Structure formats: structure tokens, C-alpha cells
Number of protein chains: 2
Amino acid sequence: MEREISQAVIRRMPRYYRYLGELLESNVERISSNELSKLMHVTASQIRQDLNNFGGFGQQGYGYNVKFLHDEIGKILGLNQMHNVILIGAGNLGQAIANYVNFEKLSFRMIGLFDVNPDKIGNVFSGAEVRHMDELPEFLKDHHVDIAALTLPKDNAEAVAAELVNLGITAIWNFAHVDLEVPENVVVQNVHLSDSLMQLSYNITQI
Amino acid sequence: MEREISQAVIRRMPRYYRYLGELLESNVERISSNELSKLMHVTASQIRQDLNNFGGFGQQGYGYNVKFLHDEIGKILGLNQMHNVILIGAGNLGQAIANYVNFEKLSFRMIGLFDVNPDKIGNVFSGAEVRHMDELPEFLKDHHVDIAALTLPKDNAEAVAAELVNLGITAIWNFAHVDLEVPENVVVQNVHLSDSLMQLSYNITQI
DNA sequence: TATATTATGTTAAATGTTTGACAAAATGGT
DNA sequence: ACCATTTTGTCAAACATTTAACATAATATA
């Protein structure tokens, strides 16, 4: 019986991955949950509990091998394979995200940018030419796309998402300020910047 | 004795605010927790529980008045007052966020953009001229700043954050891919895009 | 005006998450 | 080779969050 791992745990994995990456760059060979806990300001117990969801990566009396653990978490997060990303919406945010995705070394690659605004079509950002949305079906015949990032105004987001799903896209990185209604085989990861800003605003007033 | 409200609740408030805003625009006058729960795909119990953290906004047999509740949540989130925002880092992402902040109607206003890159200084984005970081102390004498957004590479983020804190900034919206170490009177809200993308990547592999 | 219905606020139960404790295993020093 | 130390993996307790249940109060209907 497969036990599903909670999103609370998953949310923490990228952070472990980041710290381990930094340790790796500093040529640290091994680390104990206790040392790591001090570095990350979390409890050692949580680290061990989290990692154990995926199996025993450490060794008693030794701790964790940094490179090994880094690799394993990378695999867990699917970073051992390339993800082709397209972007819908070539505005300010789209350009920034295009840049960002390509900059992230290794496992994500921006391979296409789409928009409906004639002024944008043909421009080149981060090495990709902006194409018209109408070209998307044809594009998808020739290219395997793992993730579509939605960086467009919220008014069009729901319709575009529906279209993407129709065309077989199963993972959406959503920057539009709406909650997309998609079939359950489609994964949506929201980045709601307003929500984040409002949470900050709330916390300001609490000090 | 003030009971602190959990961040789990706070994270949901902006979403309520958004849905209520949409209802308001659709001229819906009242709504029950049950109707709202269907709209938002959460339990009615959670909605009532969440709202009750801040006081009784509804009425038995009637439900909640949309406009009133929207306003109250706005106040809770601090949206009834203007927040002046500056941005550190006028790259791609900085420009996008500058645009974004100004676009958010009402309570946030981008009043200054800073960078160290000579090529960027003097450019105008979203109505604000990019100034050199050296001008920041002087700028802060003349302007009240509520929030500093960090849209710069991670290597400089920690140092810049320290400088901001020194200059009296107490709220940071952090887009850099590091965890900032700040005094406890300073609020940091992280937007770690890589983490979000990795979480998506994980969830893709789980389907 | 009386009664059935609706729907909140709140209590308690159920569920989920985090932390503490410790046996067992490996390491490292002598 | 032995023993003290380190440190994991895991169990159980503590804590937090979510959901269900329901008494109470207001509304709506007849």
C-alpha cells in the first residue's frame, strides 16, 4: 500500500535541496541532521522524519553523505530529467519568468513563448521567439512540453488553461490571479503574488 | 490574552478576499458559508472557523453580507492603508514586479527602484526612475517606505537585506533564492520561484 | 403571529503534523 | 579489539488543524 506523502513535506524538500547544494559547493562531505537543523533553523527530528518518508539515506554514527542525499532529493523532485517549459503570455512577467526558468541550471528549459498580442509576436526573449497562440497546436506536435507557465492577465487564464488541457498539457505553473478548474489528472502549481503581498501586509501590522 | 492567529489561517484570507471581491463585482449581496464553500472548494466549517478568528461577521439565518465581509477582511489584511514599496534590483523580474505592484489597485504603490548596475540607472520603469543604491539612505529620509522587494541575484541579497534593515526597513518581500537572516522585528515574505517549480515537478511525477 | 427553515458561532471529535525519546547501529579513538 | 560517542530510523506523545455536530438565533413563509 503506497502511502501518499503530504504536501507539507514536499514543500520542504526544495529547501533541503538548496542547502545541500550549498554544502556541496563548499565541499562538505557529510552532515548530521543536528548540524543541518542548526543551519536551517528547523528541528533535527523534522529533518529525519522528512527524509525517512522516502527511505533511509543516512547512516547511524555517520550522518548523511551530502552528495548522495543531494542527488537523491534531486531524483525525488524529478530534477534528474529535463522538463520542457512553454510560457503563455509574453508580457513583463512572462519575460522575467522565461529568463528565470532558463537560468535555473539543469532540469528546466524554456522552449517556447506564446502570446496573442501582435506587437509581441516575433520578438525574441531568452533565446525564444514569441509565437502566436494559434501556432500552439502545431508546436505541440513537434515538441514535447512538460509544463506550461501561465503569465497572462487573469481574464484569459481560465480559457487558455482549458485550451492547454485540451491539447494534452498536464502541468500548469499558474501566475494568473485565479484558481483554475482543471481535470484531476492535471497538476496546477499556483504563484499568487497578490496573496503573498497581502500576507506580508498582514504580518507587518502584527508586530 | 491575545491568541495569535496561525499562518495557516492567514494564508487563506487573501483567497477569501479575492472571491468576495468577485462576488461584489457580480453584485451578490449576501452569501452563506455553505454557498461560498462550494464556490471555493473548501469546507463550510473551515470558512466559519477561519472568519471567527477575527470576530463574528455573519448572522444566523442570513449568512454574510458580501460587502461588509470583504471590507473587514481588507482591514484585517491591512489593505485599508497605502503601502509604499521600493524595489531593489531593476532586472527583468524587478520590472515585472514593479509593474505588478502598481497594477494591484489601491493599497500598494511602487515609489522607488534601485540597482547598482550603471546601465540600468536612469531608466524609467512603471513611472519610477532607477536610482543607484547609494542614493537609498537619502531617499529614505524623504520617503516613508513600508516594504522593500528584493528582486536581485541571491549573492547580493543577504548583504542588501542587512543594509535595508540598518536603514530601518522592517518588511521585505524576498524573491532572491536565499533565506534571509534578519532581526525578529523584521518581517520577511519569501517568494521562492524555484521551490514552487520543484514542487510542481514532484507532483508531475506522482500522477 | 406562529412555525419551518436557514445558517451562524462554537464545542468536540477526528485527523494531520511536529517534536521528543530511545533502541540499535555505525564510527572513531585508544 | 574494545568502548565511548555519535547519530540514525522510528515510535509515541504533544501539538495544531480540520471537520463534524449542534444549540441558538435570525429569517422567511404562510
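Analyst: Let's start with B:Asp71, which is partly exposed because its relative accessibility is 33%; buried means under 20% relative accessible area, exposed over 50%, and partly exposed in between (1.4 Å probe, protein chains only). B:Lys67 is partly exposed too, at 46%. These two form a salt bridge, with their closest N and O atoms 3.0 Å apart. That term means a side-chain nitrogen of Lys or Arg within 4 Å of a carboxyl oxygen of Asp or Glu. Both sit in helix α4 (residues 66-76) of chain B, four residues apart, so about one helical turn separates them. Helices here are DSSP runs of H or I with at least four residues, numbered from the N terminus.

Before going on, a word on the model: it's predicted, so local features need pLDDT of at least 70 and side-chain atom pairs count only at 80 or more, while totals for chains, interfaces and linings use all residues. Residues are numbered from 1 along each chain as written, chains are lettered from A and ligands numbered from 1 in written order, and side-chain values use heavy atoms, leaving out hydrogens and water.

Now for a pair that crosses between chains: A:Asp195 and B:Arg18 meet in a salt bridge at 3.7 Å, N to O. A:Asp195 lies in helix α8 (residues 193-205) of chain A, and B:Arg18 in helix α1 (residues 7-25) of chain B. A:Asp195 is buried, at 12%, and B:Arg18 is buried at 7%.

Back in chain A, A:Asp115 and A:Lys120 pair up at 3.9 Å, N to O. Here A:Asp115 is buried at 10%, whereas A:Lys120 is partly exposed at 23%. Over all chains, the count comes to 16 salt bridges.

Methods
Helix = DSSP H or I, 4+ residues; strand = E, 2+ residues; numbered from the N terminus.
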